[in-house]
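Hi there,

Here is the structure I promised to pass on. Have a look at it first, and my notes follow below.

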Amino acid sequence: MVIVVDDDGPGIPEGEQEKVFAPFYRREPARDPTKAGVGLGLSIARTVAREHGGDVTLKNRSGGGLRALFELPT
């Protein structure tokens, strides 16, 4: 099973895509701290996926934005 999530934001530079899976890593520290998270969402998602034999990966979309793939074995 594959769950695909696309957004239309600026994407993430290829060299930083693995960094965003680190716990508490926030790519945009200038965000309003009252509205931003703590940087655990992608770390948790990848850990859960890997514990079930899958993975979470990121890829910039050719037309702009980012694609997240949450893959689990069937």
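Let me start with Asp 6, which is partly exposed, with a relative accessible area of 37% (buried means under 20%, exposed over 50%, and partly exposed in between, using a 1.4 Å probe and protein chains only). Before going on, please note that this is a predicted model, in which local features need pLDDT of at least 70, side-chain atom pairs count only at pLDDT 80 or more, and totals for chains, interfaces and linings use all residues. Residues are numbered from 1 along each chain as its sequence is written, and side-chain values use heavy atoms, with hydrogens and water left out.

The side chain of Asp 6 meets that of Arg 67 in a salt bridge (2.7 Å, N to O); the term stands for a side-chain nitrogen of Lys or Arg within 4 Å of a carboxyl oxygen of Asp or Glu. Asp 6 lies in strand E1 and Arg 67 in strand E3, so the pair ties together parts that are 61 residues apart in sequence. Helices (H or I, at least four residues) and strands (E, at least two) are DSSP runs, numbered from the N terminus. Arg 67 is partly exposed too, at 33%.

In total, the structure holds four salt bridges. Asp 55 takes part in a salt bridge with Arg 46 (3.2 Å, N to O) and in another with Arg 50 (3.0 Å, N to O). Arg 46 counts as buried at 8% relative accessibility, while Arg 50 is partly exposed at 47%. Glu 18, Arg 46, Arg 50 and Asp 55 are linked in a network of salt bridges.

Arg 46 also belongs to helix H1 (residues 41-51), where Ser 43, Arg 46 and Ala 49 are buried. Strand E2 (55-60) and strand E3 (66-71) are among what covers the buried residues of H1.

Ala 49 is also one of the eight residues of the largest nonpolar core, which include Phe 21, Val 56 and Leu 66. Such a core is a set of buried Ala, Val, Leu, Ile, Met, Phe, Trp, Tyr and Cys residues joined through side-chain atoms within 4.5 Å.

Finally, Phe 24 is exposed, with a relative accessible area of 58%.

Best wishes

Terms used: Contact = heavy atoms within 4.5 Å.
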